[in-house]
Amino acid sequence: MKFLSLLLLLLSVSASAREVSGVEVPETLSVTQQPLQLNGAGVRSKFFMDLYVGGLYLSTKASTTAEVLNEETAVVSLKILSGLITSEKMRNAIEEGFDDATDGQTQPIAADIKHFTELFEDEIKVGDEFLLVADKKHGVTAYKNGVAKDTITGEAFREALLKIWLGDEPAQKSLKREMLGQ
């Protein structure tokens with residue numbers, strides 16, 4: 001919890017923000033004193049509907065999942081575009097994502113997954129932004145609209161979370177490619 005109080009999240013939009021599906025995606029993001037660069041961004045869609053814009057921020061460019069997992073800090077940003085995303089649908093998608101990311105081997109991190117999905121119980125609205133700060137030393141801190149919700153520690157959980165978007169069975173293959181700058 002100390003980490004939550006010490007972690008100051010500063011979102012800085014540079015003059016050269018990237019537009020993705022009508023959303024300005026900042027080229028840089030600062031978590032504490034470490035500046036992170038936008039590695040890539042894209043749209044998660046389903047049935048021809050844009051659901052959210054996802055971005056990946058790293059300290060150095062990466063084009064593979066292994067490179068991202070080796071980074072000290074990786075941030076996944078999600079900007080909600082559709083009213084079809086409810087808190088229940090988000091929780092279900094996250095649970096499914098962890099199942100895919102771990103090849104069905106969620107048992108070792110089941111308590112962490114349950115705790116993490118509870119962070120999405122509040123109503124989700126169009127325009128909401130989630131930042132998932134995955135740090136090797138401190139764990140994963142989830143932010144909603146700039147407010148820290150909680151931190152979940154553990155390297156297995158951190159890696160599984162990143163694999164939801166970047167693993168062998170990602171949420172959407174085209175979004176994975178775009179986040180990896182491919």
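This is a predicted model: local features need pLDDT of at least 70, side-chain atom pairs count only at pLDDT 80 or more; totals for chains, interfaces and linings use all residues.
Residues are numbered from 1 along each chain as its sequence is written, and side-chain values use heavy atoms, with hydrogens and water left out.

**Helix 3**
- Helix 3 covers residues 87–101 (helices are DSSP runs of H or I, at least four residues, numbered from the N terminus).
- Ser87, Met90, Ile94, Gly97, Phe98 and Ala101 are its buried residues (buried is under 20% relative accessible area, exposed over 50%, with a 1.4 Å probe and protein chains only).
- Down the axis of helix 3, those buried residues fall within an arc of 95°, so they line one face (the arc is that of the directions from the helix axis to the C-beta atoms).
- Turned away from that buried side, you'll find exposed Glu88 and Glu96.

**Largest pocket**
- The largest pocket is lined by 21 residues, with Arg44, Lys46, Leu51, Lys89 and Ala93 nearest its centre (a pocket is an open set of points on a 1 Å grid over the protein atoms alone, where a 1.4 Å probe fits, with protein on both sides within 12 Å along at least five of seven lines; lining residues have an atom within 4 Å of a point).
- Helix 3 gives the most to this lining, with 8 residues.

How values were computed. Helices (H or I, at least four residues) and strands (E, at least two) are DSSP runs, numbered from the N terminus. The expected span of a helix is 1.5 Å times one less than its number of residues.
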